[in-house]
Amino acid sequence: MWRVAFIITKSTLQRNFSKTASVILPFKLHSITYALPPVNVARPELRYMSSQAKRPCTENMTVKKIGTHNGTFHCDEVLACFILRQLPEYKDAEIIRTRDPALLSECDVVVDVGGEFDPKRHRYDHHQRTFSESFHSLCPEKPWVTKLSSAGLVYLHFGRQLLAQLTQLKEDDRQLEVLYDKLYENFVEEVDAVDNGISQYDGEARYSVSTTLSARVGHLNPRWNSKSQDTEEGFRKAMKMVGEEFLDRLDFYQSSWLPARGVVEEALKERHQVDPSGEVLLFSQGGCPWKEHLFTLEKELQVESPIKFILYSDQNGQWRVQCVPAGLNTFQNRLSLLEEWRGIRDEALSELSGIKGCIFVHASGFIGGNKTQEGALEMARRTLQAAAQSSTNGSS
């Protein structure tokens, strides 16, 4: 007599025993006894996605199945499986790791294997020769043209539902859509690009980056010369790691990054009260990550005169005037503080500028300090006035 702890019924056993597949169950099953002819097969080891046992399965319950390929695993299907397992309809789903078409055909959703992309049937593979879809091709209002992997496909189709589940926001909430875009651009798209072999840039890299999420998932596979080539434990660890990082990133964007957007939007709406030019923003405190939000909101709100300076208080209660860069990835400014002030400090700077309370101007001109809000604002105004005068002289 053999004791089999991963088969539910006699009929299921007879149907599946000869097929090759790895099954990751979210719950523990009651073991049963069934007579089998003696064969030389090692007893399988159960591996759970959670250390906590869930309710046992009975013959009257229908367990959802998520199919993906077995063998070496990658970040895209790991993330795809994690996303699906967060949704109510798949939270108790088995993850079937196999390439057997017959077993895959029994799955409710299949990712990264099977040679099909058919969202109506929940088939999300990207390896077929004819596949070239991107976020933009499937959702023309979105800008991203990176070829999708199984992670991007699942996120595109289930991402809003996922975020609504995790954040308690409604799927049609504008804030949820902002988070949806941000998590694709700053988390999922990288996974898509790496899995599809798309370089970030043309030419040879100056140095190697070996600690990306995809790389760390890859390191959880068995080494080529390991005695055991079992990938199940590594897949489980990978799902845990990827899931924790996704949830951590979502928490940051929802609790820190998104509120910062509100701060910047409010400052933009009140900018003419700070200075008639409308080119100076005032934040009540520092530390707010404003650059990305500013560039996005300037376009959304159709700001005619680009913002040149940001005012905010530091931890010592003093004030900073910071120049707005020309773009997110450049050290060039839209307008730098006056050249003659740069590298000068304290009383010498106050005497030179004629502005009380000056503390410093950085040697590159991208930031300055003053003891008061009024003084910092005056530093910005003088620079704007000098730029306007220089423009007038140049055009005359």
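Leaving aside neighbours within four places in sequence, with which residues is Lys-182 in contact? The model is predicted, so that local features need pLDDT of at least 70 and side-chain atom pairs count only at pLDDT 80 or more, while totals for chains, interfaces and linings use all residues. Residues are numbered from 1 along each chain as its sequence is written, and side-chain values use heavy atoms, with hydrogens and water left out.

Lys-182 lies in helix H6 (residues 174–195); helices are DSSP runs of H or I with at least four residues, numbered from the N terminus. Beyond its sequence neighbours within four places, Lys-182 is in contact (heavy atoms within 4.5 Å) with Phe-187, Tyr-253, Trp-257 and Glu-292. Its relative accessibility is 6%, so Lys-182 counts as buried (under 20% relative accessible area, 1.4 Å probe, protein chains only).

Helix H5 (residues 150–167) has 13 of its 18 residues buried and is therefore largely enclosed by the rest of the structure. H5 bends by about 65° at Phe-158, the bend being the angle between axes fitted to the seven residues ending there and the seven starting there. Gln-168, which follows H5, has a positive phi near 70°.

Helices H2 (residues 75–85) and H8 (residues 232–269) pack at about 70°, their axes 9 Å apart; axes are lines fitted to C-alpha atoms over the stretch in contact, and angles run from 0 to 180 degrees between N-to-C directions. The two helices are therefore roughly perpendicular (65 to 115 degrees). Residues of H2 in this contact include Phe-82 and Arg-85, and those of H8 include Phe-235 and Phe-246.

Key:
Angles under 35 degrees count as roughly parallel, over 145 as roughly antiparallel, 65 to 115 as roughly perpendicular and the rest as oblique. Buried means under 20% relative accessible area, exposed over 50%, partly exposed in between (1.4 Å probe, protein chains only).
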